[in-house]
Amino acid sequence: MPHTRPVLLAQANPAHRQHLEDLAGQAAGAIGDREKCFVLPVDHSDLFPLPGQGATRTLWESLATLGSIDLSLARMLEPHLDATAILAEAQAAQRPTSDAVDLADMGQGTWGVFAAEGAGMRLVAGRQGDRVVLSGRKPWCSLAGSLSHALVTAWVDEDRRGLYAVDLGHAGVEVDDAAGWVARGLREVPSVPVSFTDVPAVPVGDPGWYLERPGFAWGGIGVAAIWFGATVAIARRVFDQARRRQLDQIGQSHLGAIDASLTGARLLLADAADLADRGVADPAAAAVAALRCRRVVAETAETVLWRSDHALGPAPLALEEEHAARVADLRLYVRQDHAERDQAALGRALVTGPHDASPW
Ligand SMILES: Cc1cc2nc3c(=O)[nH]c(=O)nc-3n(C[C@H](O)[C@H](O)[C@H](O)COP(=O)(O)OP(=O)(O)OC[C@H]3O[C@@H](n4cnc5c(N)ncnc54)[C@H](O)[C@@H]3O)c2cc1C
């Protein structure tokens, strides 16, 4: 059973801390049980507010806490919560949606968000009479075989992609064999390609809206909050080492470096939560915040992964189920970051953005 200590981004009052600890306790009991997992945001609804509505830090602390408990569980819930936020944002912006994705029904469904592109795969939105249908293939569709619905991006022409809500139970949806998922991490979250054949789809927003809305940035940081939570859990295991043996200077140096890296990432997440809640008007500023935050948290995760390997040696990787699984899960999960390509995107956003002078 994992520790149920919450992961906080700032000082918290005892009631909030206790509430997060209750979430952590229930999450620990839900590991490996999808039904129990999807009940968590219902049972603890005030810990899962929509981002950018005044309590973003609470949302990201909840995601970080789930990440510290179990990454498969957090990976299952994150897209479901993101889809909820996207649909709410579309409704608030009065973008076209339909009765088929009435938010009132959301509690009944389990949602994924499939937006990745892959070489040789293309999902296209076309028309059949007066309805939109999707045909083609989409890579990286996490849990497509066991979710009820998904928000999916598809090409409307050579340059533009739209976002669509689809029923994954439709006969035209064919999920690749999960046996192809040979990952050593996130084993319970098969993320294989899906083929669509004339699958009815409900447009959510105009083409391009999905990527342009400020919520895209906050959703991306939510993922980073989960990486952060798992990284904290690994760092706590390194800290435990000090109780088991007298740390030499090398052990102390690893701890110091881990602390500095984690503290920078934590402060940046807290700062980004404030920015989201101030209602940043400029989507470019939100995009810079997200690229910066994801970069720092991903680098922190990678730093803590290698430092924990060096500081602890092979034994916990070979003999401790929880630590070994967490390391394998995080190593794969953090690859959703586009590494140097996102770093270049951040640099590009800075020079093409509104700054006359350097941003620092
Ligand atoms: C566990 C897991 C679950 C996921 N689940 C989902 C999901 O549910 N929904 C979803 O939308 N997405 C999902 N994804 C996909 C994710 O969002 C990314 O699309 C995916 O990680 C691919 O990353 P990428 O775009 O960097 O890969 P690619 O663009 O395929 O790049 C692969 C590698 O090639 C390198 N590369 C790319 N272009 C060049 C070039 N021109 N020259 C040299 N090298 C190059 C990159 O640096 C990278 O290392 C998931 C990913 C993972 C790992």
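In this predicted model, 14 residues of domain 1 are in contact with 13 residues of domain 2. These two belong to a domain assignment that divides the protein chain into domain 1 (14-92), domain 2 (109-207) and domain 3 (211-352). The points below take up the contact between domain 1 and domain 2, and then the packing of helix α6 (residues 215-244) with helix α8 (residues 283-312).

**Domain 1 and domain 2**

- The centres of domain 1 and domain 2, taken over C-alpha atoms, are separated by 24 Å.
- On the side of domain 1 that touches domain 2, at least two residues come from each of α2 (34-43) and α4 (71-92), and it is α4 that gives the most to this side, with eleven residues.
- By residue type, the side of domain 1 that touches domain 2 is made up of eight nonpolar, three polar and three charged residues.

**Helices α6 and α8**

- Two packed helices are described by the distance between their axes together with the angle between those axes.
- For α6 and α8, the axes come within 9 Å and cross at roughly 20 degrees.
- Because angles under 35 degrees count as roughly parallel, α6 and α8 are therefore described as roughly parallel to each other.
- The crossing that α6 and α8 make is left-handed, and the residues of their contact comprise 20 nonpolar, five polar and two charged.

Methods: Residues numbered from 1 in each chain as written. Predicted model: local features only at pLDDT ≥ 70, side-chain atom pairs only at ≥ 80, totals over all residues. Axes fitted to C-alpha atoms, helices over the stretch in contact; angles between N-to-C directions. Helix = DSSP H or I, 4+ residues; strand = E, 2+ residues; numbered from the N terminus. Parallel < 35°, antiparallel > 145°, perpendicular 65-115°, else oblique. Left-handed = near helix turned anticlockwise from the far one by under 90°. Nonpolar A, V, L, I, M, F, W, Y, C, P; charged D, E, K, R; others polar. Domains from an automatic or database assignment. Contact = placed C-beta atoms within 7 Å.
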